[in-house]
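Here is a guided walk through one protein model. Keep the structure in view and follow the side chains as they come up.

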Amino acid sequence: MKVLVTGAQGQLGQDLVACSQDMDHVKGYSRQELDITQLDQVRAQVQAYQPDVIIHAAAYTNVDQAESEPDQAYAVNAWGTRNVALAAQEIGAKMVYISSDYVFSGKGSEPYVEFDRPDPQSVYGKSKLAGEELTRCLCHKHFIVRTSWVFGKSGHNFVKTMIQLGQKQTEVSVVTDQIGSPTYTVDLALFLMQLAKSECYGIYHASNQGSCSWYEFAEAIFAEFQQKVKVVPITTQDFPRPAPRPVYSVMDHMAIRLQDFQLLRHWRDALHAYRLDCMAIKEESYDF
């Protein structure tokens, strides 16, 4: 099976390429190599490579900046996704679109299932939902995978930020009234590859099992990396941001269970594995 990965230099994209080595052929494109906002360019690359599956991990992910740059957010997350979906449909390829917990309002109190009605509150969330709708309309063989609180060995993420702060400070303030589920990119990438080999098309929620607040996540990170840092709980109101954050964005994994796929491990186990993976590559100049 030939796999094409967009956003191959992102934190998920790099793990997707690494986890795809058992496939016949894997080709990853960075933003510099493939501008998904250009339909002709997307078509040309897809036609030339003829993949069986396109895993579309490229995205505009700056949640706050999207509030002041809606055109850019929609250009990438909506129109860019449209271009990938059109190209996939034209050659009969499967398409895996990576979406987000931000498509929901975050105002609930029970885990969201795949069939709950989306209600995004931010420009970022609305642009990701637009990408979902275009994928669903334009590519018959599609998988839409919503994930949350992603962290990996590359790129910027909450885990790396906490570790860096822990090396400089003895105290950090973290919000305690936002609840979600962390997701390790290695685990997500392995699930996406498993999904791509199937024909179980539809919408999936994929995150590590369990849930926590950002405050609880920070405490677990410092404990895992043996950093003596005091975590001070604050509220969302104490830390205002341009884009509204979901208060509760835990997602239920109903579709994974119903299709008999392997559930991702608990987020604490994933965090432990992340530390071990980081230790394994530290000699290769890994920088927290």
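Start with the rings. Trp149, Phe151, Phe158, Tyr184, Trp214, Phe217, Phe225, Trp267 and Tyr274 form one aromatic cluster. Rings of Phe, Tyr and Trp (its six-membered ring) pair if their centres lie within 6.5 Å; planes under 30 degrees apart count as stacked, over 60 as edge-to-face and the rest as tilted. This is a predicted model, in which local features need pLDDT of at least 70, side-chain atom pairs count only at pLDDT 80 or more, and totals for chains, interfaces and linings use all residues. Residues are numbered from 1 along each chain as its sequence is written, and side-chain values use heavy atoms, with hydrogens and water left out.

A search of the whole structure finds 17 aromatic pairs. One of them joins Phe158 and Trp214. This pair is tilted, with 4.7 Å centre to centre and 50° between the planes. It links distant parts of the chain: Phe158 sits in helix H6 and Trp214 in helix H8, 56 residues apart. Helices (H or I, at least four residues) and strands (E, at least two) are DSSP runs, numbered from the N terminus. Phe158 is buried, at a relative accessible area of 19%. Trp214 is buried too, at 17%. Buried means under 20% relative accessible area, exposed over 50%, and partly exposed in between (1.4 Å probe, protein chains only).

Phe217 and Trp267 make an edge-to-face pair, 5.4 Å centre to centre with 85° between the planes. Phe217 belongs to helix H8 and Trp267 to helix H10, so this pair ties together parts that are 50 residues apart in sequence. Both Phe217 and Trp267 are buried.

Now turn to the charges. How many salt bridges does the structure hold? There are eight. A salt bridge is a side-chain nitrogen of Lys or Arg within 4 Å of a carboxyl oxygen of Asp or Glu.

Glu224 and Arg275 meet in one, at 2.5 Å from N to O. Glu224 lies in helix H8 (residues 214-224) and Arg275 in helix H10 (residues 267-281), so the pair ties together parts that are 51 residues apart in sequence. Both Glu224 and Arg275 are buried.

Asp15 and Lys153 form another salt bridge, at 3.4 Å from N to O. This pair links distant parts of the chain, 138 residues apart. Asp15 is in helix H1 (residues 11-19), while Lys153 is in the loop between strand S6 (150-151) and helix H6 (158-166). Asp15 and Lys153 are both buried.

Glu132 bridges to Arg146, with the closest N and O atoms 2.8 Å apart. Glu132 is in helix H5 (residues 123-138) and Arg146 in strand S5 (residues 142-147), so the pair ties together parts 14 residues apart in sequence. Glu132 is buried, with a relative accessible area of 0%. Arg146 is buried, with 2%. Elsewhere, Asp64, Arg241 and Arg245 are linked in a network of salt bridges.

Which charged residue is buried yet has no salt bridge? Lys94 is. The nearest side chain of opposite charge, Glu199, is 5.1 Å away. Here Lys and Arg count as positive and Asp and Glu as negative; His and the chain ends are not counted. Lys94 is found in strand S4 (residues 94-100). The Lys94 side chain reaches the backbone oxygen of Ala196 at 3.0 Å.

Methods:
A polar contact is a pair of N or O atoms within 3.5 Å; within protein, one must be able to donate a hydrogen and the other to accept it, and residues adjacent in sequence count only if both atoms are side-chain atoms.
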